[in-house]
Structures are given as structure tokens and as C-alpha cells.
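Me: I'd like to learn how to read a few features of a protein model. Can you take me through them one by one?

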Amino acid sequence: MTARQSPATALDAAIEQVVGDLTVLHHDHLSGLLPPERAALATAHRDLATAEGAIAYHRNALMRLSSGSYPVDAPLLDRLRRTVHDLAQATAARDRLQDGVAAALEEVKAAAPAAAPADEELTPRDFAALLSLAGGGTMREHLLTHRVSVRTVQGRLIELPAFQRLEAHGLVTRDTSRALTVGQPVTLTDTGRTALLGTRRSPITAPVPARPAGAWPTPARHH
């Protein structure tokens with residue numbers, strides 16, 4: 001179930017401010033691309049959307065029963081009481097789930113990297129992947145196999161775990177406004193460019209070998 005297919009929740013806007021488009025969040029969750037905190041948020045939001053659907057169902061039933069289409073008698077009053085009771089229970093369940101989504105969102109905020117990671121937090125392969133993506137890349141899902149891959153503009157395949165580590169550290173970003181099946185452009189963030197520059201070292205000049213003791217001096221060149 002995606003956010004666009006499910007009823008809107010009161011926390012949709014707050015979630016999208018932190019993680020981006022909700023449709024992409026749920027799609028990435030189903031594809032197994034999310035870190036634990038975001039996966040928990042996606043699950044909690046899915047359950048909250050289901051609870052909102054239950055509220056909408058019972059509210060619509062109540063509106064039908066009170067629309068004047070049915071005679072006011074004991075059976076109708078009994079159905080009204082049951083529907084109000086069901087609506088109250090659905091609302092209480094929604095409120096509990098909403099608290100859970102709010103807590104999960106705070107966990108995602110707390111897990112967000114505040115600064116570029118130290119060199120020892122990423123492997124040499126991770127930095128190699130970061131360097132390869134300096135010119136850009138694309139994350140895409142295969143239409144038939146649903147396998148997700150990341151390739152650079154030169155066509156080099158980037159290991160998905162390495163890309164996920166770079167993304168979790170805030171070193172790369174992708175355009176989640178595009179569907180994975182179409183291809184999401186990947187670029188380095190400012191933090192990623194800073195981290196990449198920090199890995200580059202000045203070339204070491206090879207020392208001039210010393211002349212053995214007793215060797216004839218090099219004759220001076222005459223111009």
C-alpha cells in the first residue's frame with residue numbers, strides 16, 4: 001500500500017519534510033532499500049493509513065444510516081449505536097498508531113547524520129564508489145526482476161550496500177520525484193563533495209637517489 005493509494009494521515013506533511021515523497025518511501029520499503037529507522041517509520045505509517053481507512057468506513061456508514069433513507073425505529077437506533085461504538089474504537093486505535101508514527105519519525109530525525117563521517121566509518125570501496133559517482137549516476141529498478149541497481153554515468157555498477165551507506169551518511173542524494181522504474185538521478189551532496197576532497201592526497205615526490213661515495217661528479221652541461 002502506498003501513501004497515494006491510502007487515506008491521508010495528519011502526519012503526512014511532517015513525514016515528507018524529513019524523508020521526501022511518501023510513495024517513494026513505501027516503494028523503497030517494499031524493495032528492502034530502507035535503513036531500520038525508515039523501515040519502521042514506513043511500517044507505522046502504513047498501519048496508520050489503514051486505521052484512517054477504518055475511520056472513514058465507519059463515518060460513511062453513520063452518514064448513510066442518518067441520511068433519512070431508513071425509518072427511525074428500534075433496529076435503526078441499534079445500528080446507529082453499534083456504528084458510533086465502532087467509530088469510537090477506530091478513532092482510539094488511530095490515535096495510538098499516530099503516537100507511534102510520531103515516535104518513529106523522531107527516531108529517523110535522530111538517526112540522520114549531522115556531518116561528514118570520519119574516514120574510518122567508510123571502507124575504501126565506499127570511497128571508490130563515492131568517487132565514481134562524482135560525475136553522477138542513476139538508481140533504477142528492473143521492470144521484470146524488480147532488482148534495484150546503481151550505475152554511474154560511465155556505466156560502472158555500484159554495489160548497492162556501498163550506495164546505501166553513502167546515502168545513509170548524507171554523501172549522495174537521488175531524485176525521488178522520479179519513479180525507480182524510470183530511473184532516479186544520483187548526485188553527490190555538498191557533504192559528499194567535502195568528504196571526497198578530504199580523501200585526495202597530494203602526490204609524493206620521489207626522492208632523488210644519493211650518489212654513491214667516491215662516484216665521479218656529474219659533469220656540468222655546457223649550453
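Me: How many bridges join strand β4 to β5, and in which sense do the two run?

Reply: A note before the answer: this is a predicted model, where local features need pLDDT of at least 70, side-chain atom pairs count only at pLDDT 80 or more, and totals for chains, interfaces and linings use all residues. Residues are numbered from 1 along each chain as its sequence is written, and side-chain values use heavy atoms, with hydrogens and water left out. Helices (H or I, at least four residues) and strands (E, at least two) are DSSP runs, numbered from the N terminus. Two strands pair if DSSP finds at least two bridges between them. Here, three bridges join β4 (residues 172–174) to β5, and the strands run antiparallel. R174 stands opposite V186 in β5.

Me: Which bridge partner does G137 have in β5?

Reply: The partner of G137 is V186. Strand β1 (residues 137–141) pairs with β5 over three bridges, in the antiparallel sense.

Me: Which residues of β5 form the covered face, and which the uncovered one?

Reply: In a regular strand the side chains alternate between the two faces of the sheet. In β5 (residues 184–188), Q184, V186 and L188 make up the covered face. P185 and T187 make up the uncovered one.

Me: Now the helices. Which residues of α6 are buried?

Reply: Buried means under 20% relative accessible area, exposed means over 50%, and partly exposed is in between (1.4 Å probe, protein chains only). In helix α6 (residues 160–168), the buried residues are A162, F163 and L166. They cover an arc of only 100° around the axis, so they sit on the same side of α6. The arc is that of the directions from the helix axis to the C-beta atoms. The general idea is that an α-helix has 3.6 residues a turn, so residues three or four places apart point the same way.

Me: What covers the buried residues of α6?

Reply: Look for contacts, meaning heavy atoms within 4.5 Å. The cover includes α5 (124–132), β1, β2 (148–152), β3 (157–158), β4 and β5. Just after α6, G170 takes a positive phi of about 75°.

Me: Where is T189 found, and what does T189 touch?

Reply: T189 is in the loop between β5 and α7 (190–199). Not counting residues up to four places away in sequence, T189 touches G170, L171, V172 and T173. At 18% relative accessibility, T189 counts as buried.

Me: How many salt bridges does the structure hold?

Reply: Side chains of opposite charge can pair when their charged atoms come close. The cut-off for a salt bridge is a side-chain nitrogen of Lys or Arg within 4 Å of a carboxyl oxygen of Asp or Glu. The structure holds ten. One of them joins E52 and R94, with the closest N and O atoms 3.3 Å apart. E52 lies in helix α3 (residues 36–65) and R94 in helix α4 (residues 74–111), so the pair ties together parts that are 42 residues apart in sequence. Both E52 and R94 are buried.

Me: Which helix holds both D78 and R82?

Reply: Both lie in α4, four residues apart, about one turn of the helix. D78 is partly exposed at 32%, and R82 is partly exposed at 43%.

Me: Is D126 buried or exposed?

Reply: D126 is buried, with a relative accessible area of 0%. R165 forms a salt bridge with D126, the closest N and O atoms being 2.8 Å apart. R165 lies in α6 and D126 in α5, so the pair ties together parts that are 39 residues apart in sequence.
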